Amino acid sequence: MPYLVAAVVLLGVACLLNMLLTMGILRRLRADAGRPAAADLPFELGPGASIGEFAAVTTDGEPVDHDVLGGVVAFLSADCPACHDLLPELVERARRLDRDDVLVVVGGDDPETVRALSPVARVVAAEADGGPVARAFRNTWTPALYLVGDRRVLATAGRVGDLPDPPGARRPSGQAAGRH
């Protein structure tokens, strides 16, 4: 009889441990479900790839082309809920950088997004086919974020927090370098 009691207690402890581990795994899977893995994101140009040539004009009338491009490049769309979700974080990241270090291509008619980004980034309104910047990056989806330097892609991400700051990024005058 004592062996039977010990076996039942041992089996109960094993079942409880199994249940706790399973709950932990399910909690982790739920947390990761909303985040696509970097390998799952459809970037045609990955780190190390050369950016094609392009010339465009920002919504403020500033010319921008592949030769002066460096820093963060973001592709957003008016009809993209994920783009609207990441907008506050993108604006905050852009505030920490020099305006010339951030280029945002906005597809569709979205004056509120353009208005939010214009003070902190160069903004290009995309044409129906994505425009020259999207063609240079071979970008066909949004949101898409790139870190670029020397006409090459340094990093890609689907979320602002996954994209590192540009190396040696200029900071607006009067801003502390250690603030992130």
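Let me begin at methionine 1, which is exposed, with a relative accessible area of 72%, where exposed means over 50%, buried under 20% and partly exposed in between, using a 1.4 Å probe and protein chains only. This is a predicted model, in which local features need pLDDT of at least 70 and side-chain atom pairs count only at pLDDT 80 or more, while totals for chains, interfaces and linings use all residues. Residues are numbered from 1 along each chain as its sequence is written, and side-chain values use heavy atoms, with hydrogens and water left out.

Methionine 1 lies in the segment before helix H1 (2-33), helices being DSSP runs of H or I with at least four residues and strands runs of E with at least two, numbered from the N terminus. Together with Leu4, Val5, Val8, Val9 and Val13, Met1 forms a nonpolar surface patch with about 630 Å² of accessible area.

Now to the aromatic rings. The structure holds 5 aromatic pairs; rings of Phe, Tyr and Trp (its six-membered ring) pair if their centres lie within 6.5 Å, and planes under 30 degrees apart count as stacked, over 60 as edge-to-face and the rest as tilted. Phenylalanine 75 and phenylalanine 137 have ring centres 5.5 Å apart and planes at 70°, so this pair is edge-to-face. It links distant parts of the chain, since phenylalanine 75 sits in strand S3 (residues 71-77) and phenylalanine 137 in helix H4 (residues 131-137), 62 residues apart. Phenylalanine 75 is buried at a relative accessible area of 2%, and phenylalanine 137 is buried at 0%. Phenylalanine 137 also pairs with tyrosine 146 in a tilted arrangement, 4.8 Å centre to centre with 55° between the planes, and tyrosine 146 is buried as well. Taken as a whole, ring pairs join Phe43, Phe75, Phe137, Trp141 and Tyr146 into a cluster.

Let me close with the backbone. Most residues other than glycine have a negative phi, and most peptide bonds are trans. Which bond joins threonine 142 and proline 143? A cis peptide bond does, with omega about -10°, and proline 143 is found in the loop between H4 and strand S6 (144-149). Arginine 138, placed in the loop between H4 and S6, has a positive phi of about 55° and is partly exposed, with a relative accessible area of 41%. Aspartate 150, in the loop between S6 and strand S7 (152-157), also has a positive phi of about 55°, and at 76% relative accessibility aspartate 150 counts as exposed.

Notes: Patch = residues over 30% accessible without salt bridge, like charges linked within 9 Å, V, L, I, M, F, W, Y side chains within 5 Å. Areas by Shrake-Rupley, 256 points an atom, 1.4 Å probe, with all protein chains shown as cover. Salt bridge = Lys/Arg side-chain N within 4 Å of Asp/Glu carboxyl O.
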